[in-house]
Amino acid sequence: MDSFNLWLLLTPPIAGGIIGYFTNDLAIKMLFRPYKPIYIGKRQLPFTPGLIPHNQERLAQRISDTIMGSLLTPTELQRLTKRLLQPQRVQAALVWLLNLAMDRVELDKEQKTAKILAAILHDLFGESLPRLLKVFARREDFLEAQLNQIFDQILLEFQLNDQQAGQLADWILQVALPPDVLRVVAIDLLTDRNIQVIDEGFREKTSGTYWIVANLFGLRNTLTRLRTYCLDEKEATNARIEEILIALGTRDRLRIWLQRLSLQNLPVSTVRQLRKTMRDAVRDYVQEKGADFIQGLSQSIDWEKVAMLILNRLRESAIMTTSLELISEELSLILERYLEEDLEKVVANIIPILSIDEVIVERVKSTSPEDMEIAIQAIVKSELQAIVNLGGVLGVIVGLIQTVFLLLR
């Protein structure tokens, strides 16, 4: 066999392989290229732009329909949501959010958090609480149990010790009823009318020796002279009264009396009446002036300072740090129970809000042909190369068949 016949037999498989290889490679490239239409004069060349750029909008819609119809179905979204919202993952996310919030509070240089908390506290104590108090104060059993408990556990069992009784006795004798006050009280009592009544009563109701003294001397002149002495000799009268108080041991007697003073020594009926009176008095005061009192108190408080104290306490509180996990665990369990009941409804409402299909369409449409080609080739590069190689193999096989026909001829 000469060289001419040899090349004649080798040419078909070689040419077929080259044609098959490069034809498939060209066909794949023509899916994306050219990226823009090419014009000769006013006529657009066929197959420009490439198949995918030319039908990019329709391709985007088809991709969206495929994904939403077979991949991201409501059932699949529910399954994904359950997997994402497992209690452990939700708890970890909540712990992270709570820690982030605490860090944000610590880094708040403008004290925005404190101002917000101050506004909440001011509204709560200045507006909401007074309105609630007016509503609850109309009830007959308002604070009944609490006031009864205060009366039974504090007032009923309250009793002064020796030191407290001594201090209270000193206050009574030195501040409330000093000698000068007692002198003024005596002057106020010893009016002409009172002296006449005392003198006449003493004359009528005494007998024996006292009757003789009362009718011979009487008390009018004595009481009148006592009143005059109290008026004219203030310092001397005060000194005499103080001496009498000391001589009578008034302080010790008053201290012992105050120490023995207790509501438990009163009759049961009196104690019950006192408790009812106290409860009614407190309720009447709250009904009439409680709201105004709380509003006035709220206006006098610097709520920003209170909010700062609360936030600083929260930052430094160890129990706050340790409670974050417990709070997040409870919240995750609540969310899990809620999702078990309404997950289907939640997913059905979320899908239209997210507009996943529109997002897919817009994303595909906004992707340039160059980026789309790179992305697709990155995904199926080996498969596309296999198609090119397969074209070359098929070309060689067709060429070999043609060579066989030539040999048979």
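At what angle do helix 8 (residues 162–176) and helix 14 (residues 250–260) pack? The two helices meet at about 130 degrees, and their axes lie 8 Å apart. Here axes are lines fitted to C-alpha atoms, for helices over the stretch in contact, and angles run from 0 to 180 degrees between N-to-C directions. The structure is a predicted model, in which local features need pLDDT of at least 70 and side-chain atom pairs count only at pLDDT 80 or more, while totals for chains, interfaces and linings use all residues. Residues are numbered from 1 along each chain as its sequence is written, and side-chain values use heavy atoms, with hydrogens and water left out.

Of its 409 residues, 24% are buried; buried means under 20% relative accessible area, exposed means over 50%, and partly exposed is in between, with a 1.4 Å probe and protein chains only. Among contacts in the protein chain with a separation of 6 or more, 78% join residues 24 or more positions apart, where contact means heavy atoms within 4.5 Å.

Back to the opening pair. Helix 8 and helix 14 are oblique to each other, on a scale where angles under 35 degrees count as roughly parallel, over 145 as roughly antiparallel, 65 to 115 as roughly perpendicular and the rest as oblique. Their crossing is right-handed; a crossing is right-handed if the near helix is turned clockwise from the far one by less than a right angle, and left-handed if anticlockwise. Helix 8 brings Asp-162, Ala-165, Gly-166, Leu-168, Ala-169, Asp-170, Ile-172 and Leu-173 to meet Thr-250, Arg-251, Leu-254, Arg-255, Leu-258 and Gln-259 of helix 14. By class, this contact holds 7 nonpolar, 3 polar and 4 charged residues. For these classes, Ala, Val, Leu, Ile, Met, Phe, Trp, Tyr, Cys and Pro count as nonpolar, Asp, Glu, Lys and Arg as charged, and the others, Gly among them, as polar.

Next comes the pairing of helix 10 (residues 192–205) with helix 12 (residues 220–232). These helices pack at about 150 degrees with their axes 9 Å apart, so helix 10 is roughly antiparallel to helix 12. Helix 10 passes helix 12 in a right-handed crossing. From helix 10, Asp-192, Ile-195, Gln-196, Ile-198 and Asp-199 take part, and from helix 12, Arg-220, Leu-223, Thr-224 and Arg-227. The contact divides into 3 nonpolar, 2 polar and 4 charged residues. Ile-195 of helix 10 is buried, at a relative accessible area of 2%. Leaving aside residues up to four places away in sequence, Ile-195 touches Leu-190, Arg-220, Leu-223, Thr-224 and Arg-227.

Pro-179, Asp-180, Leu-182 and Arg-183 of helix 9 make the contact with Lys-234, Thr-237, Asn-238, Ile-241, Glu-242 and Leu-245 of helix 13. These residues comprise 4 nonpolar, 2 polar and 4 charged. Thr-237 in helix 13 is buried, with a relative accessible area of 4%, and touches Arg-183, Tyr-229 and Cys-230 when residues up to four places away in sequence are not counted. Ile-244, also placed in helix 13, is partly exposed at 47% relative accessibility.

Finally, the nonpolar cores. Phe-32, Ile-52, Ala-60, Ile-356, Ile-360, Val-361, Val-364 and Met-372 form the largest nonpolar core, 8 residues in all. Such a core is a set of buried Ala, Val, Leu, Ile, Met, Phe, Trp, Tyr and Cys residues joined through side-chain atoms within 4.5 Å. Helix 18 (residues 356–366) gives the most to this core, with 4 residues. A second, separate core has 7 residues, including Leu-160, Leu-173, Leu-254 and Leu-258.
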